[in-house]
Amino acid sequence: MTDLGNLPFTELWPRITTLRSPPFVPELKLHLVTAQSPWWTLEPEALAHSPYRDPYWAFCWPGGAGLARYLFALGASLKGRTVYDIGTGCGIVALAAARCGAHRVIANDIDPWALEASARNADANHLTLELSAENLVGTSLPEESLVVLGDMLYAPEQSQEVLAWGYALRSRGCTVLFADPCRGYGLPQASAKAWFEVAAEVDPGDGTCRAHVGIWELDAP
Ligand SMILES: C[S@@+](CC[C@H](N)C(=O)[O-])C[C@H]1O[C@@H](n2cnc3c(N)ncnc32)[C@H](O)[C@@H]1O
């Protein structure tokens with residue numbers, strides 16, 4: 001079998017992804033790995049020496065799907081806003097913000113392949129994203145930005161760092177939204193603003209294929 005993990009991105013992409021709408025977010029089309037893709041069953045070890053070692057960008061995560069749904073519910077109130085999608089992955093949250101009419105949408109990810117994927121998904125939806133590869137965690141973002149983070153609380157220490165940064169941004173005047181499928185490193189369930197039952201295409205970690213996704217808007221400390 002071809003060593004998929006070492007193909008150039010332009011060759012890999014059409015072999016492993018299919019353009020389709022995730023069931024929970026029919027407004028967008030995304031190039032995603034499906035159960036029919038040769039990557040669905042690939043063991044992580046097969047990518048150990050590949051440049052695509054953590055292909056988060058090939059999947060739509062439950063947090064991103066829930067957050068995209070929440071942004072579509074906010075709808076026109078996003079018009080004119082500057083939105084930072086931190087850890088954009090396939091770009092689903094950034095694209096929802098752009099579709100709602102946000103003035104600038106910055107899709108940020110430290111994985112350059114996520115930005116390649118987001119750019120292709122933006123093209124597929126005739127939307128424009130600004131791409132940012134910088135690690136923005138801990139930096140200052142412009143006041144009054146909307147900062148959105150889908151499925152970015154996935155490990156204990158990393159979650160503490162990202163949450164502390166979120167509160168710092170909030171105290172500087174940003175609006176900060178997190179979406180998390182109850183991984184347990186995040187925010188108290190009682191303080192969530194909204195909940196969504198997402199038909200997860202990525203196992204949320206508890207062996208089920210549905211994810212209970214909470215949306216949190218940080219209060220000023
Ligand atoms: C679980 S995926 C979520 C992707 C997307 N938000 C979604 O919900 O579908 C986490 C993403 O965060 C990115 N990431 C991790 N640490 C980051 C950081 N410090 N800054 C920006 N992106 C980061 C990873 O590369 C990955 O694409």
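Predicted model: local features only at pLDDT ≥ 70, side-chain atom pairs only at ≥ 80, totals over all residues.
Which helices each supply at least two residues of the shell around the ligand?

Residue numbers start from 1 along each chain as its sequence is written.

**View 1. The shell around the ligand.** The helices in question are α2 (62–74) and α3 (92–99), each giving at least two residues. Helices here are DSSP runs of H or I with at least four residues, strands are runs of E with at least two, and both are numbered from the N terminus. There are 24 residues around the ligand, and Trp61, Gly64, Gly87, Gly89 and Gly150 come nearest (near means a C-beta atom, placed from the backbone, within 6 Å). By type, the shell has 13 nonpolar, eight polar and three charged residues (nonpolar: Ala, Val, Leu, Ile, Met, Phe, Trp, Tyr, Cys and Pro; charged: Asp, Glu, Lys and Arg; polar: the others, Gly among them).

**View 2. Helix α4 and what follows.** The buried residues of α4 include Trp113, Leu115 and Asn121 (buried means 20 or more other C-beta atoms within 10 Å of the residue's own, exposed 12 or fewer, partly exposed in between, with C-beta atoms placed from the backbone). After α4 comes histidine 126, with a positive phi near 55°.

**View 3. Glutamine 158.** Glutamine 158 sits in helix α5 (residues 156–171). It counts as partly exposed because it has 13 C-beta neighbours inside 10 Å. Its C-alpha atom is 9.1 Å from that of tyrosine 185, 27 residues apart along the chain.
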